Amino acid sequence: MALPVPEIVQRLGQVSRTLEATFLGKSETVRLMLVAACAGEHMLLVGPPGTAKSALVRMFSKLVDARYFEYLLTRFTEPNEIFGPIDIQAFRQGDYRRRMEGMLPAGEIVFLDEIFKANSAILNSLLGVLNERQFTVGANVVRVPMLSCFGASNEVPNDEELMAVFDRFLIRLRSDNLDSYHFQDLLVRGLAHEVSKIDGA
C-alpha cells in the first residue's frame, strides 16, 4: 500500500537531514539526489576521488531502504560482473539466461563508479537499462526496477562514443574537495560516520 504524501515528505526530509548531518558541504548534492530519485532520473557526480561520492549514495540507498548495487568499472570489466553470470544449467537446455539476483538488473538504487571507463559491451547494454528500464537477455526482455542510477567520473567525457550514455544522466553535478577551513569539521564527521558503521555491524 502506498504511503500518504505527508508521510513520504516527512521521511524524505529525515533522509535529507541525516545525510547533511553526516556529509559536510553536501547539501546541494543531497537535494539533487532526492530530486533524481523522486523523478526517476539519473544523476552524474563529476569530481576527484575522495569526495564521498560512493559513501553518500550508499548511505542514501540504506536510508530509503532500496536494493543497492555498486561497482567500479574499468575497461576490463566483463558484462557478467554487472548483469550477472550466464545460467549454465539453463544454457545446457538451450535457454540463454543470466542469474541476476543481487546484480545491476535487480537494483533499485545503482552506483557505477568511473562509469565512462567501461567497455562498449557494457555501455551499450546500459543504454536500454537507463533509458527504457529494460535489459535484454537473449530473446527475453527483463523489466528493471531501477529508481535511479548514480554515476561517478573524474571528468566529463569528450569522446563521441560516450555521449549517448552521458546524455542519459539528466542531472549533473560537480563534486569537489572541501577547503582546509573545514578540515576539523570534516574529521569529526568522518570519525562519527566510521563509528556508526562499526556500531551497525
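Predicted model: local features only at pLDDT ≥ 70, side-chain atom pairs only at ≥ 80, totals over all residues.
Residues are numbered from 1 along each chain as its sequence is written, and side-chain values use heavy atoms, with hydrogens and water left out.

**Figure 1. Overview of the protein, with eight helices and seven strands.** Helices (H or I, at least four residues) and strands (E, at least two) are DSSP runs, numbered from the N terminus. Of the 201 residues, 39% count as buried; buried means under 20% relative accessible area, exposed over 50%, and partly exposed in between (1.4 Å probe, protein chains only). Among contacts (heavy atoms within 4.5 Å) with a separation of 6 or more, 70% are between residues 24 or more positions apart. The accessible surface, from the Shrake-Rupley method with a 1.4 Å probe, comes to about 11,800 Å², and carbon and sulfur atoms contribute 54% of that area.

**Figure 2. Helix α6 and the elements against which it packs.** The buried residues of α6 are Ile122, Leu123, Leu126, Leu127, Val129 and Leu130. An α-helix has 3.6 residues a turn, so residues three or four places apart point the same way. The buried residues of α6 pack against the helices α4 (79-83) and α7 (163-166) and against the strands β3 (109-113), β4 (134-137) and β6 (148-153).

**Figure 3. Length and ends of helix α6.** At the N-terminal end, Asn119 caps α6 through a side-chain oxygen 3.2 Å from the backbone nitrogen of Ala121. Just after α6, Arg133 takes a positive phi of about 60°.

**Figure 4. Strand β3 and its pairing with β2 and β6.** Two strands pair if DSSP finds at least two bridges between them. Strand β2 (residues 68-72) runs parallel to β3 and is joined to it by five bridges, with Tyr68 opposite Ile109 of β3. Five bridges also join β3 to β6, again in parallel, and here Leu112 stands opposite Gly151 of β6. Strand β3 is mostly covered, with four of its five residues buried.

Figure 5. Thr29 counts as buried because its relative accessibility is 7%. Leaving aside residues up to four places away in sequence, Thr29 touches Met43, Leu45, Leu56 and Leu173.

Methods: Expected span 1.5 Å × (residues − 1). Polar contact = N/O pair within 3.5 Å; in protein donor to acceptor, adjacent residues only side chain to side chain.
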